[in-house]
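Please examine the sequence and the structure shown below before reading the questions that follow.

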Amino acid sequence: MLPRALQLGLGRGLLARGLGTRRGGSTLDWGGKVPEFKKKIQSFLPGGAWNPLYDTSHLPPEHSDVVIVGGGVLGLSVAYWLKRLEKRRGAIQVLLVERDNTYSQASTGLSVGGIRQQFSLPENIQLSLFSVDFLRNINEYLAVVDDPPLDIQFNPSGYLLLASEKGAAIMESNVKVQRQQGAKVCLMSPEQLQNKFPWINTEGVALASYGMENEGWFDPWCLLQGLRRKVQSMGVLFCQGEVTRFVSSSNRLETTSGEEVTLRRIHEVHVRMDRSLEYQPVECAIVINAAGAWAGHIAELAGIGIGPPGTLQGTKLPVEPRKRYVYVWHCPRGPGLETPFVADLSGAYFRREGLGNNYLGGCSPTEEEEPDPGNLEVNHDFFQDKVWPHLAQRVPAFETLKVRSAWAGYYDYNTFDQNGVVGPHPLVVNMYFATGFSGHGLQQAPAVGRAVAEMVLEGHFQTINMSPFLFTRFYLGEKVEEHNII
């Protein structure tokens, strides 16, 4: 049966083949004209300096073993681990394509920077445990000779999750799993909660879980710049442009059940250069889809999801952009320096932001309230109507808060089960995913990058078994149930 074949990894034998790219077949657009005719002629004369007729220094290379689509922390992390785990230095050429080198709309820079182990799935807990170790020892991983050390500004104030009477049993079960995986988390009664955090109103709270170690928040921009600096020193190439097309070959395969499927292999990635109509074809052996909120679009370009509904061929990557607001406010009588990252029963959350009684937070909208992701404009009424009432109810001091600023960012939202997609596509056999984390991709990026690199280089996950996060679950209808999505 096809589902059985998928669980065993259809086409997996194709995935661990050598990374050498095939030769030939790509051409440059030589439509550019050099107006300085005299210089052109002079360059051909004996003793004259040779000048190319067309400057190609801004173009990506014509060949790269691996092309990573998306230059945020997930794409950078995959690049880092591919180079770190390569058998011989310089054995793998990696090209990273990012359409916005300013990262003005990237999820990384617009994140609130939280990291926690308070998940319900063992795999999510393991990912975050490794990632926090990476962050706390960041200069052991990302140091570059003669460059200053990184200061990730990790604030280990913990996460505080609140549960109602209805959610208390689930919280207890979650904390049991977290402790089994090695996370330091304690349960607190409303009385214990009030004693530790006197500023909190415990009305409606039946139980709380508090991360005592390795939870808190950090500077996302520092992580992004640190990874970028490191991978450049390791020989990773960067290109500012947009992937517009994949050129692939295909083979038909009949399963044991008699169903016919088409296996595809991408041979060429077309990159349109920034602010230009020209493009460069790049021959490659592997493509990593780390395009964040736009990963679904990149998958479609590769032919993923284009097929009869209900078939593997017709199964889409269910990742789309979702807009989320973050508000910053000041409250002179607000909670002090010991304030953790608080996740309320209502879905509202907040944490301290620096010193001086400043805080930031927000709340995910309901499905009916989802804002238009076509822009990053902020809806201030959303704070007044949907966020502030819950904040003021939970922390009475917030009755007098004053909003100072706000911004919006994108979640790479997995509409199927709000969990990450990691590993190869079963039919487009040399496209791998690192996307769809729906808000917790930043905090798990160091571990996810390692997992994808292991799969590319070795053909299987080695350190953390990420099999539940494979693409095939969308076709099989097997949701990965994570109870602690914030």
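The questions below concern a predicted model and take up its confidence, its helix packing and some of its loops.

Q: What average pLDDT does the protein have?
A: The pLDDT is the predictor's confidence in each residue, on a scale from 0 to 100. Of the residues in this predicted model, 88% score at least 70. The average pLDDT of the protein is 89.

Q: Over which residues does pLDDT stay under 50?
A: Where pLDDT is low, the predicted coordinates should not be read in detail. One such stretch has 24 contacts beyond four places in sequence in the model, and another has 35. The stretches with pLDDT under 50 include residues 7-18 and residues 21-53.

Q: Are helix H4 and helix H11 roughly parallel or roughly perpendicular to each other?
A: Two packed helices are described by the angle between their axes and the distance between the axes. The axes of H4 (residues 122-136) and H11 come within 7 Å and cross at roughly 100 degrees. Angles of 65 to 115 degrees count as roughly perpendicular. H4 and H11 are therefore roughly perpendicular.

Q: How many nonpolar residues does the contact of H4 with H11 have?
A: On the H4 side, the residues are Asn 124, Leu 127, Ser 128, Phe 130, Ser 131 and Phe 134. They meet residues of H11 that include Gln 443, Ala 445, Pro 446 and Arg 450. By class, this contact of H4 with H11 has 5 polar residues, 1 charged residue and a nonpolar group of 7.

Q: How is H3 oriented relative to H11?
A: The axes of helix H3 (residues 73-85) and helix H11 (residues 441-458) come within 7 Å, and their crossing angle is roughly 40 degrees. Because of this angle, the orientation of H3 to H11 is oblique.

Q: Is the crossing of H3 with H11 left-handed or right-handed?
A: The axes of the two helices cross at roughly 40 degrees. From H3, the contact is made by residues including Val 73, Trp 81 and Leu 85, and from H11 by residues including Gly 441, Val 452 and Leu 457. The residues of this contact of H3 with H11 divide into 14 nonpolar, 3 polar and 2 charged. H3 passes H11 in a crossing that is right-handed.

Q: Is the crossing of H3 with H8 left-handed or right-handed?
A: H3 and helix H8 (residues 220-233) pack at about 35 degrees, and their axes are 9 Å apart. Among the residues that make the contact are Leu 76 and Tyr 80 of H3, and Leu 224 and Val 231 of H8. By class, the contact of H3 with H8 has 8 nonpolar, 1 polar and 2 charged residues. The crossing in which H3 passes H8 is left-handed.

Q: Which side chains have polar contacts with the side chain of Glu 370?
A: Glu 370 lies in the loop between strand S14 (358-363) and helix H10 (380-394). Beyond its neighbours within four places in sequence, Glu 370 is in contact with Arg 322, Lys 323, Arg 324 and Pro 365. Side-chain polar contacts of Glu 370 are found at 3.0 Å with Arg 322 and at 2.9 Å with Arg 324.

Q: Where does Asn 357 lie?
A: Asn 357 is not a glycine, yet its phi is positive, at about 60 degrees. The place of Asn 357 is the loop between strand S13 (348-352) and S14.

Q: In which loop is Asn 214 found?
A: Asn 214 is a residue other than glycine with a positive phi, near 60 degrees. Asn 214 belongs to the loop between strand S6 (207-211) and strand S7 (216-217).

Technical notes: Residues are numbered from 1 along each chain as its sequence is written. This is a predicted model: local features need pLDDT of at least 70, side-chain atom pairs count only at pLDDT 80 or more; totals for chains, interfaces and linings use all residues. Side-chain values use heavy atoms; hydrogens and water are left out. Helices (H or I, at least four residues) and strands (E, at least two) are DSSP runs, numbered from the N terminus. A polar contact is a pair of N or O atoms within 3.5 Å; within protein, one must be able to donate a hydrogen and the other to accept it, and residues adjacent in sequence count only if both atoms are side-chain atoms. Contact means heavy atoms within 4.5 Å. Axes are lines fitted to C-alpha atoms, for helices over the stretch in contact, and angles run from 0 to 180 degrees between N-to-C directions. Angles under 35 degrees count as roughly parallel, over 145 as roughly antiparallel, 65 to 115 as roughly perpendicular and the rest as oblique. A crossing is left-handed if the near helix is turned anticlockwise from the far one by less than a right angle, and right-handed if clockwise. Ala, Val, Leu, Ile, Met, Phe, Trp, Tyr, Cys and Pro count as nonpolar, Asp, Glu, Lys and Arg as charged, and the others, Gly among them, as polar.
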